[in-house]
Amino acid sequence: MKSRYRICNWSEYNAALEARGSLTVWIDEGVLSAWKNKQKTGKRGASNTYSDLALE
């Protein structure tokens with residue numbers, strides 16, 4: 001027979017789920033200033049939003 005687990009402390013369970021998906025990223029100021037693409041393509045439609053540096 002399969003075991004059944006019951007959650008008793010929902011607030012602790014939810015906090016653990018949120019912490020499991022947590023990710024901290026440190027970005028250098030030089031990279032942050034070059035994050036958005038400022039070059040226009042010269043073609044119809046929207047230009048690229050992010051620079052190649054941001055995608056790397």
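The following exercises, with worked solutions, concern the predicted model shown above.

Residues are numbered from 1 along each chain as its sequence is written, and side-chain values use heavy atoms, leaving out hydrogens and water. Because the model is predicted, local features need pLDDT of at least 70 and side-chain atom pairs count only at pLDDT 80 or more, while totals for chains, interfaces and linings use all residues.

**Exercise 1.** Determine which elements make up the secondary structure, and in what order they run.

*Solution.* Step 1: helices (H or I, at least four residues) and strands (E, at least two) are taken as DSSP runs, numbered from the N terminus. Step 2: the protein has three helices and zero strands. Step 3: the order from the N terminus is α-α-α.

**Exercise 2.** Compare the radius of gyration with that of a compact globule of 56 residues.

*Solution.* Step 1: the radius is taken over C-alpha atoms, and the globule rule is 2.2 Å times the number of residues to the power 0.38. Step 2: the rule gives a value near 10 Å, whereas the protein has 22 Å. Step 3: along the principal axes, the C-alpha atoms fill a box of roughly 65 × 30 × 20 Å.

**Exercise 3.** Classify Leu 17 and Arg 20 as buried, partly exposed or exposed.

*Solution.* Step 1: buried means under 20% relative accessible area, exposed over 50%, and partly exposed in between (1.4 Å probe, protein chains only). Step 2: Leu 17, in helix 1 (residues 10–20), is partly exposed because its relative accessible area is 36%. Step 3: Arg 20, also found in helix 1, counts as exposed because its relative accessibility is 67%. Step 4: in the protein overall, buried residues make up 4% of the 56 residues.

**Exercise 4.** State how far apart the mean positions of the positive and negative charges lie.

*Solution.* Step 1: Lys and Arg count as positive and Asp and Glu as negative, without His and the chain ends. Step 2: each charge is placed at NZ of Lys, CZ of Arg, CG of Asp or CD of Glu. Step 3: for the 9 positive and 6 negative charges, the mean positions are 15 Å apart.
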